[in-house]
Amino acid sequence: MYEVHLASWMRPVKDDEESLNSYQQITERLVPYVKEMGFTHVELMPVMEHPFDGSWGYQGTGYFAATSRFGTPEDFMAMVDAFQMFDDQMKELRESGMF
């Protein structure tokens, strides 16, 4: 299982803490990354809206709202769908005995 904090994972500008990937960029980079590394599951650290970046999302204010820091709700849904497709592919491999 790969646990990831979206705000700090592979920032676009490595030394700029204000620099964030969008949900689309995360999808394009993280899904292939976990595949390549051989992980079968991804755990997202809190993604709900929160007031203080330093809390890593553990001071949630919008428990049912994905943070807008990285994009729109639709972008978040597309990211989740991409991980679901990855999970389905892994399930097929496990069932076929290839993994």
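Methionine 10 is partly exposed, with a relative accessible area of 35%. This is a predicted model. Methionine 10 sits in the loop between strand 1 (2-4) and helix 1 (23-37). Its phi is positive, about 40°, although the residue is not a glycine.

**Threonine 67**

- Threonine 67 belongs to the loop between strand 4 (62-66) and helix 2 (73-96).
- Its relative accessibility is 1%. The cut-off for buried is under 20%, so threonine 67 counts as buried.

**Aromatic pairs**

- The count of aromatic pairs is 5.
- Tyrosine 2 and tyrosine 33 form an edge-to-face pair. Their ring centres are 5.7 Å apart, with 65° between the planes.
- Tyrosine 2 lies in strand 1 and tyrosine 33 in helix 1, so this pair ties together parts that are 31 residues apart in sequence.
- Tyrosine 2 counts as buried, at 15% relative accessibility.
- Tyrosine 33 is partly exposed, with a relative accessible area of 25%.
- Ring pairs also link Tyr2 and Tyr33 with Trp9 and Phe39 in a cluster.

Notes: Residues numbered from 1 in each chain as written. Predicted model: local features only at pLDDT ≥ 70, side-chain atom pairs only at ≥ 80, totals over all residues. Heavy atoms only, no water. Helix = DSSP H or I, 4+ residues; strand = E, 2+ residues; numbered from the N terminus. Buried < 20%, exposed > 50% of the residue type's maximum accessible area, 1.4 Å probe, protein only. Phe/Tyr/Trp six-rings, centres within 6.5 Å; stacked < 30°, edge-to-face > 60°.
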